[in-house]
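Q: Could you show me how to read the cores and the sheet of a protein model, one feature at a time?

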Amino acid sequence: MEKEISKSRSLRRKLLTALITCLLTVFILCTAIFDITYNQTAKTVIHHSNELADDTVSVISDSVYQHDLSAIQNVLRSFCNETSLEMRAYGYFPSQHNEFISYVEHKAATYFNYDFFESCIFFILTDDGISGFMIENGNEGEKYISEAVSAFDAKLNADAGFYGDSPTYLSYMNKCRENASGDFLKEGNGYMIAWDNMINFTDTELCVGIVKCEANSAIAPIKTLASEEASTLIDNMDSLFRKYIYIMIASLFSIFIVFVIVSAVLSKKLSAPVVSEHDMLVKLNEMKTAFLSDASHELKTPLAAMSGYAQNAEIELLNGDDMGAVQEKLKRISSEANRMALMVTQILDATRIEEGRMVLDLSSCDLEQLVRETVETYFAVLNKNNNRLALRIPLELPIVEADPSRLKRVFVNLISNALKHTYNGTILIKAETDEGFIKVAVKDTGSGISPEDMPHIWERYYKGKHSETGTGLGLFICKFIIESHGGKIWAESKVGKGTEFIFTLPLNK
């Protein structure tokens with residue numbers, strides 16, 4: 001048993017270790033999976049946020065470009081119209097084309113000199129090409145116009161049919177020179193170009209226009225705002241994810257603590273039955289040892305009495321004494337033999353119960369007749385204390401399906417207990433029907449059962465702290481037999497006033 005206890009403690013330690021290991025593994029795996037999921041989600045959100053920002057900028061920039069290009073075209077149209085009106089009002093129509101160009105350039109230098117046209121180039125388109133100047137300072141106009149035209153040429157090369165059959169953008173402009181037109185390009189720093197012809201307002205043909213470089217400067221704040229919003233979204237998501245990571249860690253740690261406590265309690269409960277069983281077996285072994293000692297004593301007592309009566313009867317027969325005295329001694333021998341047979345039967349019944357070999361042999365049983373046969377057979381044998389017997393069993397008591405020999409054993413044990421603890425008293429046996437059962441009671445006026453003994457009276461080998469005789473098997477056997485019949489048995493007792501044992505048997509259906 002000590003080895004079993006040691007194994008139980010080892011099992012408890014192993015169980016606790018296994019639970020802790022499993023929980024730590026789950027904790028580590030969950031943390032790793034959550035971290036991987038977070039990183040992948042963050043990358044996905046950043047990627048989609050950037051795409052969303054780019055799409056947003058693209059859509060908004062189209063509107064901005066269209067708006068700014070329309071504004072440039074409107075201002076350019078107003079410039080052409082106003083210049084034409086001035087020339088007509090003052091009757092100033094230069095005879096030389098160069099003088100006309102100089103006048104228009106001089107007019108543009110003052111007309112477009114405000115913030116909207118910063119970084120813009122005013123140009124004049126002729127058959128000889130494009131000439132222009134920076135509106136803000138008048139320098140490097142041709143350079144920026146050349147860069148813009150090259151950028152539009154690159155667009156034409158990427159999509160040859162975008163400007164019809166024109167091989168270059170400059171040829172496309174010359175083709176459309178007499179019409180008001182314009183275009184924008186978002187690639188690079190961004191470009192806008194618009195032109196109109198003075199011939200639409202005067203009799204003189206002169207194509208003038210505006211090229212706006214670094215047109216994306218208006219889009220930069222939008223890109224910055226989109227980038228900031230994406231960054232804010234990532235920061236919020238990062239904060240949210242980290243908060244949930246902390247919550248998960250705290251939850252797992254709490255579960256870990258609960259698991260440790262539960263596993264400790266469970267392992268203790270798992271090992272407790274082994275220790276409890278050990279204590280129970282030790283106690284049972286002590287009770288069995290006491291039982292063997294008491295049973296030996298109980299068996300020796302009738303044997304000694306039988307031996308004494310037999311010797312006396314033999315002497316009386318040899319001496320020719322009165323046969324009545326010899327018959328009395330023979331009756332005593334028979335009585336002691338019956339007592340010894342009862343004890344042996346109890347021991348055999350207890351052994352059968354322990355080994356699961358006690359089988360009921362059911363048959364129709366007349367309980368009233370069974371009680372009377374039992375009383376007639378055993379009452380005189382068992383009654384040593386000058387007690388009286390009273391029977392209250394109705395003749396019309398229903399028949400029950402039961403094992404007669406086992407029920408006799410129940411009555412013998414209950415009557416034996418009553419007679420043993422009652423002196424000059426009354427033993428009452430009564431029976432009655434009670435809601436589908438027959439209810440039987442064996443009541444005495446003896447010493448009663450103490451409250452400390454009452455919870456243990458149905459245990460094997462338990463005789464009670466104030467009992468010095470018996471085997472401690474009678475009530476254990478009674479309980480087994482009654483419950484095997486589908487009934488119940490219990491006891492009611494008051495110290496000094498007597499005890500009543502009651503059991504029920506189900507009626508035939």
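Q: Which residues of the largest nonpolar core touch the most other members?

A: A nonpolar core is a set of buried Ala, Val, Leu, Ile, Met, Phe, Trp, Tyr and Cys residues joined through side-chain atoms within 4.5 Å, where buried means under 20% relative accessible area with a 1.4 Å probe, protein chains only. Here the core has 45 residues, and L367, L407, F411, L414, I429, F501 and F503 touch the most other members. Its largest share, eight residues, comes from helix α8 (residues 404–420), a helix being a DSSP run of H or I with at least four residues, and a strand a run of E with at least two, numbered from the N terminus. This is a predicted model, in which local features need pLDDT of at least 70, side-chain atom pairs count only at pLDDT 80 or more, and totals for chains, interfaces and linings use all residues. Residues are numbered from 1 along each chain as its sequence is written, and side-chain values use heavy atoms, with hydrogens and water left out.

Q: Which residues are in contact with F501, leaving aside its neighbours within four places in sequence?

A: Contact means heavy atoms within 4.5 Å; the partners of F501 include L414, V440, W458 and W490. A second, separate core of 28 residues includes I101, A108, F184 and M192.

Q: In what order do the five strands of the open sheet stand?

A: Two strands pair if DSSP finds at least two bridges between them, and here the order is β2-β1-β5-β4-β3, with antiparallel pairing. Because β2 (129–134) and β3 (181–185) each have a single partner strand at the edges, one side of each is left without a neighbour in the sheet.

Notes: Buried < 20%, exposed > 50% of the residue type's maximum accessible area, 1.4 Å probe, protein only.
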